[in-house]
Amino acid sequence: MTSQTDTLTQFLRSRRSIRRFTSDPIPGGVLADILQAAVYAPSAHNLQPWRFAIVESGAARTLLGQALTLRMSSDMQAQNAPQSEIDSRVERSLRRIAEAPVVILLCRDTEAVRADQPEETLMGVQSVAAAGLQLLLAAHAHGLGGNWICWPLYAQQETTRALGLPANWQPQGMVFIGYPAEQVKDKALRSMAEITLTV
Ligand SMILES: Cc1cc2nc3c(=O)[nH]c(=O)nc-3n(C[C@H](O)[C@H](O)[C@H](O)COP(=O)(O)O)c2cc1C
């Protein structure tokens with residue numbers, strides 16, 4: 001292995017989800033660089049169906065939080081969760097959205113891929129996920145931490161409407177990014193024997 005390969009491999013291995021951030025702002029140039037790196041991800045038919053909504057203003061964050069936690073609360077109520085548990089989860093979620101230095105909603109342009117086959121839709125989703133990982137890695141390269149959040153999947157239309165996004169921007173997830181305020185731990189990985197087969 002060359003030292004360059006070794007460095008890159010170590011870099012890929014060292015990315016972790018970061019859920020606590022300092023309040024330091026991310027310079028605009030750094031954010032632009034991260035987004036510019038994300039769009040080099042592979043995509044099915046090179047259709048680049050990813051769209052990114054940067055949720056910046058306090059008002060937009062509030063609207064996003066409300067759209068996401070409304071569904072969260074009703075799902076928890078349907079599961080008979082105690083109201084105190086629902087309230088604290090909602091409060092924590094709203095706080096995380098309000099405090100994350102950068103919130104990026106990852107969307108799929110439903111018009112960028114053929115809608116006639118479910119496989120094409122799936123490929124669009126996979127392509128957005130590839131861009132999401134690339135975005136997290138680019139953030140890591142800048143010394144930032146990120147966390148992929150699945151909540152928008154549970155309230156796709158509500159999220160699109162709340163933020164006034166084009167109707168064809170279908171949320172797939174969101175990413176919080178900021179300077180890390182936590183130490184990462186080693187993570188347990190499944191063994192290669194479990195996850196690979198040579199056939
Ligand atoms: C599709 C997807 C959805 C995720 N959703 C959440 C989430 O809603 N909340 C959260 O804290 N982490 C979420 N994560 C982060 C995972 O928990 C994390 O990647 C996993 O525990 C492995 O840890 P690592 O990223 O540090 O390697 C999500 C990751 C992916 C890929």
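In what order do the four strands of the open sheet stand? The order is E1-E2-E4-E3, and the pairing is antiparallel. This is a predicted model: local features need pLDDT of at least 70, side-chain atom pairs count only at pLDDT 80 or more, and totals for chains, interfaces and linings use all residues. Residues are numbered from 1 along each chain as its sequence is written.

**Overall build**

- The chain holds seven helices and four strands. Both are DSSP runs, numbered from the N terminus: helices are H or I with at least four residues, strands are E with at least two.
- Read from the N terminus, the elements run α-α-β-α-α-β-α-β-α-β-α.
- The C-alpha trace spans about 55 × 45 × 40 Å along its principal axes.
- Of the 199 residues, 27% count as buried. A residue is buried if 20 or more other C-beta atoms lie within 10 Å of its own, exposed if 12 or fewer, and partly exposed in between, with C-beta atoms placed from the backbone.
- Among contacts with a separation of 6 or more, 79% join residues 24 or more positions apart. Two residues are in contact if their C-beta atoms, placed from the backbone, lie within 7 Å.

**The sheet**

- Strands of a sheet pair through backbone hydrogen bonds, either parallel or antiparallel. Here, two strands pair if DSSP finds at least two bridges between them.
- E1 (50-54) and E3 (145-149) stand at the edges. Each has a single partner strand, so one side of each is left without a neighbour in the sheet.
- Neighbouring strands of this sheet are turned by 30° against each other on average, direction ignored. The axes behind this angle are lines fitted to C-alpha atoms.
- E2 and E4 pair in the antiparallel sense over eight bridges. One of the paired residues is Ile104, whose partner in E4 is Val175.
- Five bridges join E3 to E4 (residues 169-178), also antiparallel. Gly146 has Ile177 as its bridge partner in E4, and Asn147 has Phe176.
- Nine of the 10 residues of E4 are buried, so this strand is largely enclosed by the rest of the structure.

**A buried cysteine**

- Cys107 sits in strand E2 (residues 102-109). It counts as buried because it has 26 C-beta neighbours inside 10 Å.
- Beyond its neighbours within four places in sequence, Cys107 is in contact with Arg51, Ala53, Trp169, Gln170, Pro171 and Gln172.
- Cys107 and Trp169 are 62 residues apart along the chain, yet their C-alpha atoms are separated by 5.5 Å.

**Around the ligand**

- The residues around the ligand include Arg16, Asn147, Trp148, Ile149 and Lys187. The cut-off is a C-beta atom, placed from the backbone, within 6 Å of the molecule.
- E3 gives the largest share of this shell, three residues.
- By class, the shell has four nonpolar, three polar and three charged residues. Ala, Val, Leu, Ile, Met, Phe, Trp, Tyr, Cys and Pro count as nonpolar, Asp, Glu, Lys and Arg as charged, and the others, Gly among them, as polar.

**Two loop residues with positive phi**

- Gln48 lies in the loop between helix H2 (28-38) and E1. Its phi is near 45°, and it counts as partly exposed, with 17 C-beta neighbours inside 10 Å.
- Asn80 lies in the loop between helix H3 (58-78) and helix H4 (83-99). Its phi is near 60°, and it counts as exposed, with 6 C-beta neighbours inside 10 Å.

Definitions and conventions:
Axes fitted to C-alpha atoms, helices over the stretch in contact; angles between N-to-C directions.
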